[in-house]
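Biologist: Please take a close look at one group of aromatic side chains for me. Walk through the rings one by one, then their surroundings.

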Amino acid sequence: MLLISYGIKQSNPLYLLPLTEAGWSHIIVGSKETLMAMFGFEFILVVLLYCFTVFTCATAFSPQQLDLMPEPVIYLLRSIPLGTMDRVDFIFLPIWLISIFGAISGYYYAASYGISYLLKQKSHKKAVPFVVLSSCIIAYWPQRREDFELIGSIANNSAYFFLIVFPFLLLTLSYIFKKKKEPKT
């Protein structure tokens, strides 16, 4: 956040105008797409960081420049001058990769533990190669942009089910099949 705040020095708030040109309905639809990407994280912290990053990039670059840039944050970080190091993105990317690998390893552990539990294995170590291999195959399977968009829309639509419907379904089933414990005397 400290590195991104350097972009405020280059900002031009006039790039934000007209603010509601697309209309509130388009803003709400765009918010829904962004909201799905943030489920599972500390919501308020991520929203504040995300809003600050979007605001800084939107004011530091013109709309024409933003159309040409695939990753404006990286371009913003490249513009920060440091005395001995020319590009700050060389610092940012390893820090980002550490957080990505931390998240992925947690998912691998949860998936391998779940598979070992379903198969009634004593150790989850046997499931780890299967989980890693299957995730790599799934990651390399889509080759076209349309495939990525299809997977993204499936993930966004299924997020409603897994984050709202499925927990309430499990809660309801737990109340229905709840075994009453006999009081010990």
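Modeller: Phe-161 is partly exposed, because its relative accessibility is 36%. The scale runs like this: buried is under 20% relative accessible area, exposed is over 50%, and partly exposed lies in between, with a 1.4 Å probe and protein chains only. Phe-166 also counts as partly exposed, at 32%.

A word on the source. This is a predicted model, where local features need pLDDT of at least 70, side-chain atom pairs count only at pLDDT 80 or more, and totals for chains, interfaces and linings use all residues. Residues are numbered from 1 along each chain as its sequence is written, and side-chain values use heavy atoms, leaving out hydrogens and water.

Now the rings. The structure has four aromatic pairs. One of them joins Phe-161 and Phe-166: it is tilted, with 5.9 Å centre to centre and 40° between the planes. Phe-162 and Phe-166 are edge-to-face, because their planes meet at 70°, with centres 6.0 Å apart. The cut-offs: rings of Phe, Tyr and Trp (its six-membered ring) pair if their centres lie within 6.5 Å; planes under 30 degrees apart are stacked, over 60 edge-to-face, the rest tilted. Together, Phe-161, Phe-162 and Phe-166 make one aromatic cluster.

Phe-162 and Phe-166 sit in helix H7, residues 145–176. They are four residues apart, about one turn of the helix. Helices here are DSSP runs (H or I, at least four residues), numbered from the N terminus.

Pro-167 is in helix H7 too. Pro-167 is partly exposed, at 37% relative accessible area. Leaving aside residues up to four places away in sequence, Pro-167 touches Phe-161 and Phe-162; contact means heavy atoms within 4.5 Å.

Methods. Helices (H or I, at least four residues) and strands (E, at least two) are DSSP runs, numbered from the N terminus.
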